[in-house]
Amino acid sequence: MIKQIFGKLPRKPSKSSHNDSNGDGGVHDNSSLNSALGPNSLNNSKPGSASSKPSNSSRSNNGPLNSHSSTSNKSNHGKKTASLASQAGPISASGVYEALPSFRDVPSSEKQNLFLKKLSLCYVVFDFSDPSKNLREKEIKRQTLLELVDYISSVSSKFNEVAMQEVTRMVAANLFRTFPSPNHDSKILEMYDMDDEEPAMDPAWPHLQIVYELLLRFVVSPETDAKLAKRYVDHPFVLKLLDLFDSDDQREREYLKTILHRIYGKFMVHRPFIRKAINNIFYRFIFETEKHNGIAELLEILGSIINGFALPLKEEHKLFLVRALIPLHKPKCVSMYHQQLSYCITQFVEKDFKLADTVIRGLLKYWPVTNSSKEVMFLGELEEVLEATQTAEFQRCMVPLFRQIGRCLNSLHFQVAERALFLWNNDHIRNLITQNRTVILPIIFPALERNTHGHWNPAVQSLTLNVRKIFLDADQAIFDECLARYQEDEAKQKELQEKRELTWKRLEDVAASKVVSNEAVMVSKSISSIAIDKSTAPKATA
């Protein structure tokens, strides 16, 4: 009877049955999940905080990297995962973001565990759009990041795989993000001059800078074994870093430039992939968007890489010059990165002087027609290339080259004409021109003479007279021959012009005589034959 009464009473559910009904899979699995997710466990313990939203958005942008991290986590055996799970948990049970003890306050045996806990604490990404939010938590995170930087700089033992994985995941959670597309809308950018735009400053830079410094110290640290670290600083990680080069913040791009260069130097296995990935950025920039903030920094890295190329140059490197570097002269915004581009081009010619002809013909292909400032830049780069050019390569391209230089000499923009005349101030270029004067002087002599007698700028006239004197002193016979030919051509042109004017005058007289009677104007055979002769004569001369 008593047993029947007790059997009808409701039973209190046990802890295990409660967990099973919620589908959490047990206590062990739940703790393992929290340690694996990191930022999720921090945000879930503090619902409604300002840090939840940015952290979630940051992770949503980094799906491939996070999936890779979880995959690599599975390969780290059950022991490492379990130990990491027991070390995680920087937030107290009440969900308050609390600072952890300093490395100085714990024994050496506990520093590794504390290092992992501090990394876990820094998974949280705060919202910096509102400076008044989470001031205390932001300061705690900043101090923690600074302590991590000091620890990485002073650590005396090799980083294990768990530490490497957690460092890269913390860096990914804080740095890897998608930039807003309106900044790259071509219609918006064309409404104002990029040079007049004030540099953009990321409000989260106080934290981002320390994270970048931490990553840099981690990469260059002698305690980071490249053979192990390449599993975590892998291709998806490098691609995400390259995406960040499109940042509007110049300070961020400078850090990225240094870090990528160090990664290229330390992880030799990634070198071909990094070069290919940079190529793809250039291709998209040249042939699709013509909008990217980090081209100058990427070229600066490549300048150092090209300088280290072994000789003879591989075909892959020559194709990179032809397909990527030379077409980079095409975009309108070439002035943003021309200095770095010119250095890369010159490095190739200095490595292999036989590439000079290819480079010069590439410059002529993309030579600007109406952009005078761009033309001045091309002339400056041309001088640097010609300075490294040998006689044989110079002779292959000198005819089309000096046809273009002749057009520059007669430019109405005095800076273009002046910059072209400055080529003769370079001893090596002047010697190349003097050695091949029999071909070059007939091409540019008319331009020199027109400048001497008709250019509006006195400085251009003076420089032209100096160049003219160089040719006169080098070979007076050729100079006199060119002068006679020029005077003959000018006389013919003057005669043709007079005949043309006479023909038009006759036509006007005939038309005037027929105005009163309203009769149609009939052109006589003699006048029409003269007009035909005029129209065909210049073509025959040419």
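These legends go with a set of close-up views of a predicted model.

View 1. Of the 542 residues in the protein chain, 43% count as buried. The chain exposes about 29,000 Å², and carbon and sulfur atoms supply 54% of that.

**View 2. Here is the largest nonpolar core, with 134 residues.** Phe115, Phe282, Leu299, Leu325 and Phe402 have the most contacts inside this core. Helix H12 (residues 205–220) gives the most to it, with 10 residues.

**View 3. Zoom in on Phe115 and its contacts.** Leaving out residues up to four places away in sequence, Phe115 touches Phe103, Leu148, Tyr151, Ile152, Phe159, Ala163 and Val167.

**View 4. Lys257 and Glu254 pair up in a salt bridge.** Their closest N and O atoms are 2.9 Å apart. Both sit in helix H15 (residues 250–266), and because they are 3 residues apart, about one helical turn separates them. Lys257 counts as buried at 13% relative accessibility, while Glu254 is partly exposed at 30%. Glu300 joins these two in a network of salt bridges.

**View 5. Arg396 and Glu393 form another salt bridge.** This time the closest N and O atoms are 3.1 Å apart, and the pair lies in helix H22 (residues 391–409). Glu393 is buried, at 3% relative accessibility, but Arg396 is partly exposed, at 48%.

View 6. Glu495 is partly exposed at 42%, and Lys499 is partly exposed at 37%.

Technical notes
Residues are numbered from 1 along each chain as its sequence is written. This is a predicted model: local features need pLDDT of at least 70, side-chain atom pairs count only at pLDDT 80 or more; totals for chains, interfaces and linings use all residues. Side-chain values use heavy atoms; hydrogens and water are left out. A nonpolar core is a set of buried Ala, Val, Leu, Ile, Met, Phe, Trp, Tyr and Cys residues joined through side-chain atoms within 4.5 Å. Buried means under 20% relative accessible area, exposed over 50%, partly exposed in between (1.4 Å probe, protein chains only). Helices (H or I, at least four residues) and strands (E, at least two) are DSSP runs, numbered from the N terminus. Contact means heavy atoms within 4.5 Å. Accessible areas come from the Shrake-Rupley method with a 1.4 Å probe; for residues, only the protein chains shown count as cover. A salt bridge is a side-chain nitrogen of Lys or Arg within 4 Å of a carboxyl oxygen of Asp or Glu.
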